[in-house]
Every structure is written in C-alpha cells, then in structure tokens.
Amino acid sequence: MIEVEGLSKRFKSKQALNNVTFTAADGKVTGFLGPNGAGKSTTMRAMLGLIAPDSGHALIDGKPFASLRAPMRAVGAVLDAKSAHRSRSARDHLLALAYTNNIPERRVDEVIDMTGLTSVAKGKAGRFSLGMSQRLSIAAALLGDPHNLVLDEPINGLDPEGVKWVRDLCRYYAVQGRAVLLSSHLMSEVALTADDLVIIGQGNILETTTVSKFVAEHSARSIRVVTPEPDKLKAIFSSAQEVQVISDQRTPADPPVGEVFRITGADLVTAAHVFAQAGLITYELIEEHASLEEAYMALTHNQVEYQTKPVAEVTR
Ligand SMILES: Nc1ncnc2c1ncn2[C@@H]1O[C@H](COP(=O)(O)OP(=O)(O)OP(=O)(O)O)[C@@H](O)[C@H]1O
C-alpha cells in the first residue's frame, strides 16, 4: 500500500504540489491522472525519496522509502525510460541492479523474458528505441518482485502489443494483492486498466474516486435524432420539462437530409415508442454516451498548465 499524506512542494515560484493526499491500496490498480505539469512525476519522485517535500510524507507499506530495508522488493518504479547506462547492455544494467540489491541472477533472465527483451538483452541500452527503453525500465522495476509498483507513464513509446502487456501486468499484480500506481494523461487508458482513480491538476487533488463511479457519473446519455419534421419533434417534448431538444451539428456519418437534434433527459426506448405513436419520421435514432475523455477534460480544463489554441486559430 502507498499512502501519500499532505504532500506539498514548491520549486521557486511554482507550487508543484499542494497538500496532496491519497492512497494506492493493495489489490488495486490506482490510475493517477492529470494534464502535463499537474504534479504526477513530482508526487512519484517524492514517494521514492528522490525529492524532499516541503511538508507531508509518503509511506510505502507504512514506511518512508528511505527506511526500507530492501527497497526493490518493496517498490518497483518506472520514472524515466532512459535511466539505464547508455554503454551497458540491457542484461548488464539489470545484473548491476540485481547485485547491489541482493537479487539472484536468475531473476534477471526472468524479467528479460517477461518484458520481451530476450533477443536484444546483449544490445547497448543507449541504442534502444523509446519502446525498448521503456521495457527495460519495466524489467528493472520488476527485478525485486516488489509488493508495490509505481509506473510513471509506462506506455509512452510502446507499440499496441506493449501497451496491452503493461495493462495485463498491472492487472496481474493487483490480483495478487499488490498495489499498482499508474500515471497517465489519458482517461481512456486508465479506464481500461485501473480500479481507483486520483485526478490531479496544478498540484491539487481534484477528485479521488473509482473508475466505475466516474464512468457512471460522467458518461451521460443522450439521443441523436435526424428528422425532416423538426416542429413535430419539438412539439412532442414541449410539455416534458426534464427533456431538452437542441439542434446538433451534422457529421459526415449522418443522412444528408433532415435536421439533426440531440435529446437529453429521455431514454431511447421511450423516445422510439413516443415517436412511433406520434408518427414522427426519423432517418436516424441512436443513443450516445459522452466520452470519459470529455468528462475528464471538462474537469481538468482550467487546470491545464500549457493551454493550447484551437488548430483553426493557429493555422489561420
Ligand atoms: N526540478 C524542478 N524544478 C522546477 N520546477 C519543476 C521541477 N520539477 C517539476 N517542476 C514543475 O512542477 C510542476 C509539476 O511537474 P511534474 O513533472 O510533476 O508534472 P507531471 O504531472 O508529471 O507532468 P507530465 O505529465 O508533463 O510529466 C510543473 O510545473 C513543472 O514544471
């Protein structure tokens, strides 16, 4: 279990963390989500004793990292894909880590095998692609068969097979009762892998919840309808106060004729029956869910440190 309590950290004028508190529980994958510069890496570095917080603390299985007797067995971390010595082979890099942490040599070959690095294990780490370096960092994190995993953007640079492998690894570790903390910018990725969710923006915890709760609360349903009889459609719902009918933009996938509307507050089956009774002609009638990514972006929109301009404005 990883407990973070009241962590604050300022870098000169930048308050990177502000009273950050959350727990990554045993048996769960905890997604740590936030936009660029939100404070994810700073929190993880503080957990691993790599930076000293101004206040607060982080505990790994109840102890500060610095007091762990066998740190690699307590926690495996991927913080920086390019951390291996450039002129060392992947295997030598792992062997050096194993020797200094009392880990047997056979475990080195096990993690090389697990991470799919066998064919390049003798290659110099400095010549590795980002994806291979990421696999090597994960291999190093797994060396001590740790009870906790801290993975900072572990899927960066991985191909789809590698991404799936990281997902499976996280689930496998959690099922064994270990704690996995997984940072990402992408809600879609976290939603596929995590149980619990910690959302951070500009150094502040915005929400601690579970993925299933977040999905239930934020994936609002609506109905899209294309009809040549817009007045009839509006009249059908004119006395239903909970139902809203608003014009929507046509997409290339829509039929080329009729007007497009989005209806909220009514479910698909009821709407279909009501339309049939009223004799409303529809060319399209579908139920849609707002994407989780949209809900996450709405939550963090004001917390994004590096605001972008819409592409149309930049290229004008
Ligand atoms: N050593 C440092 N010196 C000065 N500022 C720093 C330092 N490390 C981090 N920061 C600043 O602290 C804030 C949080 O950075 P951090 O790297 O923790 O964010 P992040 O959520 O991991 O971002 P990303 O997703 O881009 O990796 C940012 O504004 C960053 O510029």
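## Around the ligand

Sorted by class, the shell around the ligand holds five nonpolar, six polar and four charged residues. Keep in mind as you look around that this is a predicted model.

In total, 15 residues surround the ligand. If you want to find the spot quickly, look for Asn36, Gly37, Lys40, Ser41 and Thr42, which are the closest.

## Contacts with ligand oxygens

Now for a few individual contacts. Asn36 uses its side chain: one of its polar atoms there sits 2.8 Å from an oxygen atom of the ligand. With Gly37 it's the backbone that counts, as an N or O atom there lies 2.7 Å from a ligand oxygen. Gly39 also takes part through a backbone N or O atom, this time 2.9 Å from an oxygen atom of the ligand.

How much of the ligand does the protein bury? Taken alone, the ligand exposes 640 Å², and the protein buries 64% of that.

## Where the shell comes from

Two elements give two or more residues to the shell around the ligand: strand S2, spanning 14–24, and helix H1, spanning 40–47. Of the elements, which one gives the largest share? That's H1, with three residues.

## Stepping back to the whole chain

Zoom out and you can follow the chain through its domain assignment, which gives domain 1 at residues 2–217 and domain 2 at residues 221–289. As for how the two are placed, the C-alpha centres of domain 1 and domain 2 are 46 Å apart.

Methods: Residues numbered from 1 in each chain as written. Predicted model: local features only at pLDDT ≥ 70, side-chain atom pairs only at ≥ 80, totals over all residues. Heavy atoms only, no water. Domains from an automatic or database assignment. Near = heavy atom within 4 Å. Polar contact = N/O pair within 3.5 Å; in protein donor to acceptor, adjacent residues only side chain to side chain. Areas by Shrake-Rupley, 256 points an atom, 1.4 Å probe, with all protein chains shown as cover. Helix = DSSP H or I, 4+ residues; strand = E, 2+ residues; numbered from the N terminus. Nonpolar A, V, L, I, M, F, W, Y, C, P; charged D, E, K, R; others polar.
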